[in-house]
Amino acid sequence: QVRLVESGGGLVQPEGSLRLSCAASGSIFSFYAMGWYRQAPGNQRELVATITTTNITKYSDSVKGRFTISRDNAKNTVYLQMNSLKPEDTAVYFCNRDPPYYEGRRPYWGQGTQVTVSS
């Protein structure tokens, strides 16, 4: 049974930085590509960053150059370093496999971590 626990969110001023963490359990973490997703109020969940099992990274255009995804397989943890934050980055951030892990017919999501960018 896979479990994902996100942490590190908070309130930050524009141009500030945050580092999110996601602790994974219940499967062989290093076997899977991982991603960070976010969902703002009224919007669909979107994938913003991915990292493969060989540490190849990819970013959405909206965060490219500002966010950095990384992973520590020894700690079963994936990170998202977010710099130069903008108000439009405000959302609940989730990690998951890429593509997402399913439990039965539905994707499993952790509780997420809220990121609010505001002055």
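Student: What is the strand order of the open sheet of six strands?
Tutor: The order is β2-β12-β9-β4-β5-β6, with mixed pairing. Strands are DSSP runs of E, at least two residues long, numbered from the N terminus. Two of them pair if DSSP finds at least two bridges between them. This is a predicted model; local features need pLDDT of at least 70, side-chain atom pairs count only at pLDDT 80 or more, and totals for chains, interfaces and linings use all residues. Residues are numbered from 1 along each chain as its sequence is written, and side-chain values use heavy atoms, without hydrogens and water.

Student: Why do β2 and β6 stand at the edges?
Tutor: β2 (10-12) and β6 (57-59) each have a single partner strand, so one side of each lacks a neighbour in the sheet.

Student: What makes β9 and β12 a pair?
Tutor: Three bridges join β9 (residues 91-97) to β12 (residues 113-117). The definition asks for at least two, so they pair. The two strands run antiparallel. V92 stands opposite Q114 in β12.

Student: How do you know that C22 and C95 form a disulfide?
Tutor: Their sulfur atoms are 1.7 Å apart. The cut-off is within 2.5 Å for a pair of cysteine sulfur atoms, so the pair qualifies. A search of the whole structure finds one disulfide.

Student: What does the C22 and C95 pair tie together?
Tutor: C22 lies in β3 and C95 in β9, so the pair links parts 73 residues apart in sequence.

Student: Why is C22 called buried?
Tutor: Its relative accessible area is 1%. Buried means under 20%, exposed over 50%, partly exposed in between (1.4 Å probe, protein chains only). C22 is therefore buried. C95, at 0%, counts as buried too.

Student: Why does I69 count as buried?
Tutor: I69, in strand β7, has 3% relative accessibility, so I69 falls under the buried limit. Contact means heavy atoms within 4.5 Å. Not counting residues up to four places away in sequence, I69 touches residues including W36, V78 and L80.

Student: What makes a nonpolar core?
Tutor: It is a set of buried Ala, Val, Leu, Ile, Met, Phe, Trp, Tyr and Cys residues joined through side-chain atoms within 4.5 Å. The largest one here has 28 residues. I69 and M82 are among those with the most contacts inside it.

Student: Which strand gives the most to this core?
Tutor: β3 does, with four residues.
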